[in-house]
Amino acid sequence: MLPSLLILAVAFLSLIILMIIHEFGHFIIAKKFGVRVEEFGVGYPPRIYGKKIGETIYSINWLPLGAFVRIYGEEGGVDDYRSFANLKIWQRVLIIIGGVAAFWIAAIIIFSIVFAMGTDLPVGDQEVSGLTNIRVNVVEIASNSPASEAGLKVGDTVLQVRSNKYESANAGPEIVKINKIADFQDFSKNHAGEQITIDLLRGGKPMEVSLSPRVDPPAGQGAVGIGLERMATLIEKSSWYMAPIQGAVYTWQTTVNAVAGLYQVFANIFSGKGTPEGASFAGPLGITVFLANAASYGAGFFLYFIGTICVFIAIFNLFPIPALDGGKLIFLLIEKIKGKPVSAKVEQSITVFFFILLITMSLFITIKFDIPRFSEFLKLSLQR
């Protein structure tokens, strides 16, 4: 239970770091243009600790739900050469886009690391296309089981299984290549009580072990006492000098695919078809659970998932919704067209309305989708 909670904490901390990176994108460009940044906070008030360095307060706050940067004059109505409102429109656009760009820069760096190390993807027993090196790996071994006594280890790749019992003098032993988890499960069940041989790879070297599947195994263990996962290579390991290029290209491809996927989701919703099969909504808690599950498949897949989240959050932040960066860009576009800014009071009222709307939607998603996911995660953690 403790390792699972630790993984959950690391996953949640990763999301907080992404939010800090996002706000730092706004912060650094505002500083570059000489705008006074009043506060850079981690978490949301009330404040735990704050220290003023120069003209900016750097704070840590009680609500660990993200980060924020308070820029002088961002709400408008301030006529001062150090205020956000006094900048030219293109400068304000760059400050707003800076937070979004920070997500894409983070994604490029993360995907570059993933390409430098390579990563696998759990695919289950369903048919897959476009992936290579599909194999069945040992991910768990029960104590006092045939698998543990035979010397099987986590990380072994199961190639094939064979029966040591000859059906007749002219027939050899039954041999089954393991392409799916069900192949191994069916074979061990059909040969319970008999000695079988498992051909496997360990550290790239071929090995074999012999054991006898149990006729009446303990509940939840199976005849052999191993947990299996069907894996495929998602990203091939690349040379260090090519990894940054591939990371940048992959970030672009992920962005294009994400936009196409989101378009399909919304097209289905507005046409009355509902969400596409396999698609589901998730809030911060749900994303944290997804990250924690991704971490169980290794650092490579965990980083891959974080990189993908960076791309999706960047796109989401560009939605033309007040309270998001895209909404702020809309107000600047209106200012450019009209030749004067939107009233600060009107802009604040619209922004607050949509902020409350987003919070309400987030609470709905959390209650309907995320809490059941979290409960299931805790349930599975207790069973391990």
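These are my notebook entries on a few places I looked up in this structure.

**Confidence**

I note at the start that this is a predicted model. I looked up the pLDDT for the chain and found an average of 90, with 95% of the residues scoring at least 70.

I looked up the volume of the second largest pocket and got about 970 Å³. Its lining is made of 34 residues, and those closest to the centre are Val139, Glu140, Ile226, Gly227 and Leu228.

**Ser188**

I picked Ser188, which sits in helix α4. Is Ser188 buried or exposed? I count Ser188 as buried, because its relative accessibility is 5% and the cut-off for buried is under 20%. Leaving out residues up to four places away in sequence, I found Ser188 in contact with Pro213, Ala223 and Val224.

**Ile321**

Next I went to the loop between α7 and α8 (325-338), where Ile321 lies. I class Ile321 as partly exposed because its relative accessible area is 22%, and that class runs between the 20% and 50% cut-offs. With residues up to four places away in sequence set aside, Ile321 touches Gly326, Gly327, Phe354 and Leu358. I also checked Ile321 against Phe115: the two are 206 residues apart in sequence, and their C-alpha atoms are 34 Å apart in space.

**Helix α8**

I tested the length of α8. The helix has 14 residues, so at 1.5 Å a residue it should span 20 Å. The C-alpha atoms at its ends are 20 Å apart, and I record that the two values agree. Which residues of α8 are buried? I listed Asp325, Gly326, Gly327, Phe331, Leu332 and Glu335. Two of the names in that list, Gly326 and Gly327, had already come up as contacts of Ile321. Last, I looked just past the end of α8 and found Gly339 with a positive phi of about 85°.

Note on methods
Residues numbered from 1 in each chain as written. Predicted model: local features only at pLDDT ≥ 70, side-chain atom pairs only at ≥ 80, totals over all residues. Heavy atoms only, no water. 1 Å grid on protein atoms, 1.4 Å probe; cavity = no way out; pocket = protein on both sides within 12 Å on 5 of 7 lines; lining within 4 Å. Points joined across faces, edges and corners; volume = space filled by probe spheres on them. Helix = DSSP H or I, 4+ residues; strand = E, 2+ residues; numbered from the N terminus. Buried < 20%, exposed > 50% of the residue type's maximum accessible area, 1.4 Å probe, protein only. Contact = heavy atoms within 4.5 Å. Expected span 1.5 Å × (residues − 1). pLDDT = per-residue confidence, 0-100.
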